[in-house]
Amino acid sequence: MSSHTETPLEYKSQQSQMNILGFWIFLGAEIVLFSTLFASYFVLEHNTAGGPAGQDIFVLKDVLIETFLLLTSSFTSGLAIHAMRNHDKKGLLTWMIVTLLLGAGFLYFEINEFLHFIHEGATIQTSGFTAGLFTLLGTHGAHVTFGIIWISLLLVQLVRRGITEKTSSKLFIASLYWHFLDVVWIFIFTFVYLKGMVI
Amino acid sequence: MSAKSNHFPWNLLIGFLLSIALTLLAVFVKFYTDFSSLVILWIIGAFAIFQALIQLFMFMHVTEGKEGVINIVNIVYSVFLALVIVFGSIWVLTSGHAAH
């Protein structure tokens, strides 16, 4: 935050600054939204109603693949913004596309995981545990899906208009959203999967 | 926050490598140590919080921009609400109040 350096393009106009601040406030609301879903899950996790528990259906290998895909995509979206600040449109576009592909890979594994859960007899209606689990994971997965659609549309704008005050501000905000989804996943990985598995 | 940061993005790479290391460490602590499950939960929980801070500061640059202080206050307040909701719900709904 040193004052002698040039302000990045996405912070240039007052409107962009307010948009970015507004998005941070929205992320605060998202933290609270996910906290309610985590709270429900923690309260319900032992109520398996004779159905499978976490230790019966969670597969460490699948979870680690999902985790590394999302972790890497958060890193590549950071590289995309780094390229944007160097006014490197090609780099920005390339790293954002890599980010989207990793995000799509995450969704592919998550959907397969859901199918595996259902195959093991754990649907959203099975028990309090599965209802809490599917709601929490599903809400996160829906956010990832929305993020992929949103960033894809922003990339169309980027190709047409180049790196401008407006497109840079929009892409920066989208990158904040993407990093945030990784933050949520870290807590899902730790407090849902690792906590729920036994040795 | 320089606009022309042509140098190699070391903070991103370090943050990424730390995140991977913390993820693998959490798996190691969970499956290959003999701590009690409560101790394990505290350790992997600390790793998760550390990873979230890496994302916030090294990837999202939460303190950047003119509103850096507002961002911090906003996020700290949201985290406070989240903790109240999570621990409050667990406390109210699992400590036997319903039986009375």
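Helices (H or I, at least four residues) and strands (E, at least two) are taken here as DSSP runs and numbered from the N terminus. This is a predicted model, in which local features need pLDDT of at least 70 and side-chain atom pairs count only at pLDDT 80 or more, while totals for chains, interfaces and linings use all residues. Residues are numbered from 1 along each chain as its sequence is written, and chains are lettered from A and ligands numbered from 1 in the order in which they are written.

Begin with residues 21-197 of chain A, where UniProt, in an unreviewed entry, places the feature "domain: Heme-copper oxidase subunit III family profile"; such positions follow the numbering used here, feature names are shortened, and annotations may be inferred rather than shown by experiment. Over this stretch the chain is 85% helix and 0% strand, with its end C-alpha atoms 39 Å apart.

Next select Leu60(A), which belongs to helix H3 (residues 60-85) of chain A. Leu60(A) counts as partly exposed because it has 13 C-beta neighbours inside 10 Å (20 or more other C-beta atoms within 10 Å make a residue buried, 12 or fewer exposed, and anything in between partly exposed, with C-beta atoms placed from the backbone).

Move on to His87(A), in the loop between H3 and helix H4 (89-119) of chain A. Its phi is near 55°, a positive value in a residue other than glycine, and with 14 other C-beta atoms within 10 Å His87(A) is partly exposed.

Now turn to chain B, which has 3 helices and 0 strands and follows the pattern α-α-α along the sequence. The C-alpha atoms of chain B fill a box of roughly 65 × 40 × 10 Å along the principal axes, and 26% of its 100 residues count as buried.

Finally, display the contact between the chains, which takes 45 residues from chain B and 40 residues from chain A, two residues being in contact if their C-beta atoms, placed from the backbone, lie within 7 Å. On the side of chain B that touches chain A, helix H1 (10-32), helix H2 (37-59) and helix H3 (68-94) of chain B each supply at least two residues, and the largest share of that side, 16 residues, comes from H3(B).
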